Amino acid sequence: MVVLRAGLCPGLTEDMIQLLRANGIRTVVDFVSSDLEDVAQKCSLSYKALVAVRRVLLAQFSAFPANGADLYEELKSSTAILPTGSPSLDQLLDSGLYTGEVTELMGAPGSGKTQVCLGIAASVSLGLKQHVLFLDSTGGFTASRLYQMLRAQTENEEEQASQVLGRLRLCFVLQLEALQRVQVERVFNIYELLSALQELRDRLSQQVVSSMGPLKMVVLDSVSAVIYPLLGGRQSEGLALMMQLSRELKTLAREFSLAVVVTNQVTRDSSTGLLKPALGRSWSFVPSTRVLLESKESTWERASTQRAASLAKSPRQPTGTQVELDI
Amino acid sequence: MQREVGTLPLAPALRARLAAAGFQTAQELLDTGPCGLSKEIGISKEEALEALQVVRQECHGDAARTAGGSGATRKCTALELLEEEQTQGFIITFCSALDNILGGGVQLTKITEICGAPGVGKTQLCMQLAVDVQIPECFGGVAGEAVFIDTEGSFMVDRVVDIAAACVQHCHLIAEAQQEEEHGKALETFSLENILSHIYYFRCHDYTELLAQVYLLPEFLSQHSKVRLVVIDGIAFPFRHDFEDLSLRTRLLNGLAQQLIIIANDHKSAVVLTNQMTTRIGQSQSTLVPALGESWGHAATVRLIFHWDNGQRLATLYKSPSQKESTIAYHITSHGFRDVQPPAVTHSREGTELNPRKRPRTEEEKQ
């Protein structure tokens, strides 16, 4: 719904706009959907000029239909699959995280969502040498834990190196580089989050070569922490902001071929007492894949480190499959 | 700036009018100017000016960040964060087992939640921490001040005096054993009156006062920049009774949690909350779970659950971003929070086995 303004396209002058406005045509949509002969008569403008303007506006503002085959080719060449660093989770997700899609991890407090996110960030940054942007809204990001995971992963890979001292130094250098590739931003409120995403989009579209480098993954931990304070009540602006956010995330994922990982909470259903994902039905359409993490023992009296991950929604795999993770 | 109008922090009524008038990006708003804006949407010139100021501020914030300026942004690489974390101190609890499972003590910049049944020792730990945060750096502390927000009225000053006196005596013992100059200097300022005068106490009677206090805290903290600990004793109490609308409660609690994490992060202080327990009635049994519901469980970064076991007090680390889950036993003496000492008359354990959790008191402070 863009307002008609002089200079939007050649041929649209200020006088024309004033005349159109006097007759109730203010936006591009009004213009394009009105009967041009009628308008030419009422505003005493030339029909030819109006048709020319309409053609230019349509070319500027409408979407292009794409061929299915072209789309497939494009997807094949631009989508990448990022391994998560845990073979059982990869198996659950059909060999890894797909770029161009939003994946969601949900679970009760203490079920291991932040740990899985850190593991994925470590694996992408170390194994694939790609940059990762970690948006932290809960304060749960601990760099020392990420370092611990990186150390564990490099020790596994560098078993063939001959000299012991050389190997240690190489490991250390690799870990430092991997840490530098993970960029952490703390956002505690929905507007900060939206402006951070906007800034990321500006930077990527201008292709500014900074310390960012080739970004492949964006992790948002957690989305419910920023949206929960807005939902509910009589105002529906919380839902509107949530949809804005989902649109930003999806267009980022699709346009720049990023994999977006989001963590969500679970709430208790008041009627049945079962756990269900937070943020309601509207959010459930946003991620294309959903994984539920839960710990094996349900009470805190017998704590354990075993976790079960089950697939709750996926466009590729049958749901309901379960694997075990060890954190 | 291609920021969409929907993403700017303006009032919803204003946003609705802007959308109806056809404005899409922030750039268009800035181009129109206040007079044009007030004419188009039908608001007064002052409101239009205010709205444009907000927009300009947001866009300038964006521009500064893309240009590489630092400002007050919270962005850095993991490497820088690691270096920061390694130099950060912990607030010790005087119970070495608890410090061990927490990874060194209560961490700064994180929210720690302590849940437990009545009488298990949550307020005792809070008072201990309020004293411990003031230990000078040469003894292994963070040398900060404390803010204590009390909703239940369980803060007893006489008890704090006992705890503080024991702490001061402990530091004196270490100073005598080590005979270093800086210890002596630090001890001059670490006295009973000083400790008590650096604990800022607030009493809140219901949830509106609590919310107001938390929202006013950033201003208070910027005036008292040495505060390193904020304790809210009894966050469940004002929210549990007399609340008809549960969704409002969830929303308020989440907003509170976000505000607390902003405080913890910006002022580099630790936030400690205490919570109550409630019974969940399942199919066949009933279990004790922390109060305030599932969504509140996500607010705290670290969660400790205190419980009883045959007369012994136990602490379980239930949720932590960097430590494994484990359980230890602790003890509350007249000096405050302490480790469990093996009983003088060994009736249950083998006599010669040394309790692995016990460590001699004097070595505890050398961190």
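Modeller: Buried means under 20% relative accessible area, exposed over 50%, and partly exposed in between (1.4 Å probe, protein chains only). The model is predicted: local features need pLDDT of at least 70, side-chain atom pairs need pLDDT 80 or more, and totals for chains, interfaces and linings use all residues. Residues are numbered from 1 along each chain as written, chains are lettered from A and ligands numbered from 1 in written order, and side-chain values use heavy atoms, without hydrogens or water.

Colleague: How far apart are the centres of domain 1 and domain 2 of chain B?

Modeller: Domain 1 covers 5-61 and domain 2 covers 82-339. The bounds come from an automatic or database assignment. Taken over C-alpha atoms, the centres are separated by 44 Å.

Colleague: Which strands hold B:F306 and B:Y330?

Modeller: Ring centres lie 4.9 Å apart with planes at 45°, so this pair is tilted. Strands are DSSP runs (E, at least two residues), numbered from the N terminus. The pair ties together parts 24 residues apart in sequence, because the residues sit in β11 (residues 302-309) and β13 (residues 327-333) of chain B.

Colleague: Are B:F306 and B:Y330 buried or exposed?

Modeller: The tilted class rests on ring geometry, with planes at 45°. By relative accessible area, both residues are buried.

Technical notes. Phe/Tyr/Trp six-rings, centres within 6.5 Å; stacked < 30°, edge-to-face > 60°. Helix = DSSP H or I, 4+ residues; strand = E, 2+ residues; numbered from the N terminus.
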